[in-house]
Amino acid sequence: MNEIPVPTPGPREALVRVRAVGIDRGTVHLMTGLPYAVRLGFGLRRPKAAVIGRDLAGVVEAVGDKVTSVAVGDEIIGSARGSLAQFAVVPESRLSPKPASLSFEEASVLPISGSTALQAVRDAGRIESGNRVLVIGASGGVGSFAVQIAAAHGAEVIGVASAAKADLVRALGANRVIDYTREDIDVHGPYDVIIDLAGLRTIARLRRSLTENGTLVIAGGEGGDRWLGGAHRQIGAAALSPFVRHRITALISKERAADFAELASLVEAGSVQPALDRVYSLDRTADAVAELAAGKVRGKTAVRL
């Protein structure tokens with residue numbers, strides 16, 4: 001591990017002593033440099049930033065002179081560039097109080113995956129009570145939150161996962177689980193909303209499983225080529241949407257304090273609980289990333305500092 005100077009927060013930033021960091025797919029893409037499009041923003045031959053990591057939970061160490069929402073000593077969650085370090089600078093617009101009922105490790109996996117799921121359910125999917133909702137990739141980081149949030153909205157949730165992870169998906173609140181190795185997604189269709197987090201099925205195939213006026217949410221996914229990855233499906237969804245009866249949305253999630261706070265409220269209400277599968281020490285971060293990339297994680301992984 002390298003020693004670097006402790007960063008200094010700007011006027012609207014907080015310096016956070018990091019206690020735990022959530023590992024998400026974005027960290028995997030940054031470390032592997034795949035798809036290649038990632039390199040345009042983060043470095044062609046190696047990452048521009050010396051420290052990786054986005055999600056975090058910790059304690060405020062110092063604040064800029066224009067910060068009003070937190071104070072020194074507050075326990076917070078948030079997202080920052082370079083969170084896998086003892087200290088990280090977090091913009092005030094991307095931090096929120098930590099749910100008191102969660103450990104730092106549990107809280108650290110909430111911001112990015114949780115807010116992506118929240119935006120998929122609430123904004124892109126516009127899910128309402130009574131909707132029949134299919135979540136493809138239900139046992140993953142975003143999927144484990146999407147199942148819970150959709151259920152909290154009163155939806156009938158059907159999750160798609162492997163048989164080995166079906167028990168987790170049911171425990172999260174899914175009414176049914178489809179084992180993708182044995183059954184087709186049509187088995188419990190049609191669906192009012194499909195949230196696709198896996199990226200392995202064509203948009204045309206997914207549309208056949210929707211109700212007449214159903215909604216398809218394309219959110220990430222690990223399919224595609226080495227150049228664009230799953231982004232090609234989001235581009236295709238945006239291009240197709242104006243010409244079909246179905247509502248097709250390509251979710252580009254945003255990291256913002258208001259959504260982190262809403263997630264914290266859902267946690268405190270008992271509607272959402274991070275599905276934390278594994279916790280690693282900082283010196284085993286590479287192992288944490290490798291396990292996630294290999295698909296061996298049920299829910300989320302965290303690194304403890």
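How many helices and strands does the secondary structure of the chain come to?

## The chain as a whole

This is a predicted model. Its secondary structure comes to ten helices and 13 strands. The chain has 305 residues, and 51% of them are buried. Among contacts between residues at least 6 apart in sequence, 67% join residues at least 24 apart.

## Helix α5

Helix α5 covers residues 141–152. With twelve residues at 1.5 Å a residue, α5 should span 16 Å, and the 17 Å between its end C-alpha atoms agrees with this. Ten of the twelve residues are buried, so α5 is largely enclosed by the rest of the structure. The buried residues are Gly 141, Val 142, Gly 143, Ser 144, Phe 145, Ala 146, Val 147, Gln 148, Ile 149 and Ala 150.

What do these buried residues pack against? Their partners include three helices, α4, α6 (166–171) and α9. The strands β6 (132–136), β7 (156–161) and β13 (300–304) are also among the elements they pack against. Just after α5 comes Gly 154, which takes a positive phi of about 90 degrees.

Ser 144 is a residue of helix α5. Is Ser 144 buried or exposed? The cut-off for buried is under 20% relative accessible area. Ser 144 has a relative accessibility of 0%, so it counts as buried. Leaving out residues up to four places away in sequence, Ser 144 touches Ala 138, Leu 172, Ala 275 and Gly 299.

Gly 137 lies in the loop that runs between β6 and α5. Its relative accessible area is 23%, so Gly 137 is partly exposed. Again leaving out residues up to four places away in sequence, Gly 137 touches Gly 143, Val 160 and Leu 197. Gly 143 is one of the buried residues of α5. Gly 137 and Ser 162 are 25 residues apart along the chain, while their C-alpha atoms are separated by 9.1 Å.

## Helix α9

Helix α9 is made of residues 257–268, twelve in number. From its first C-alpha to its last, α9 reaches 16 Å, close to the 16 Å expected at 1.5 Å a residue. The buried residues in α9 are Asp 259, Phe 260, Leu 263, Ala 264, Leu 266 and Val 267. They lie on the same side of α9, because they cover an arc of only 160 degrees around the axis.

After α9 comes Gly 270, with a positive phi near 85 degrees.

## Where α4 meets α9

At what angle do α4 and α9 pack? The angle is about 90 degrees, and the axes are 9 Å apart. The two helices are therefore roughly perpendicular to each other.

On the α4 side, the residues in this contact are Pro 111, Gly 114, Ser 115, Leu 118, Gln 119 and Arg 122. They meet Asp 259, Phe 260, Glu 262, Leu 263 and Leu 266 of α9. By class, the contact of α4 with α9 has five nonpolar, three polar and three charged residues. Asp 259, Phe 260, Leu 263 and Leu 266 are also among the buried residues of α9.

Methods. Residues numbered from 1 in each chain as written. Predicted model: local features only at pLDDT ≥ 70, side-chain atom pairs only at ≥ 80, totals over all residues. Heavy atoms only, no water. Helix = DSSP H or I, 4+ residues; strand = E, 2+ residues; numbered from the N terminus. Expected span 1.5 Å × (residues − 1). Buried < 20%, exposed > 50% of the residue type's maximum accessible area, 1.4 Å probe, protein only. Arc of directions from axis to C-beta. Contact = heavy atoms within 4.5 Å. Axes fitted to C-alpha atoms, helices over the stretch in contact; angles between N-to-C directions. Parallel < 35°, antiparallel > 145°, perpendicular 65-115°, else oblique. Nonpolar A, V, L, I, M, F, W, Y, C, P; charged D, E, K, R; others polar.
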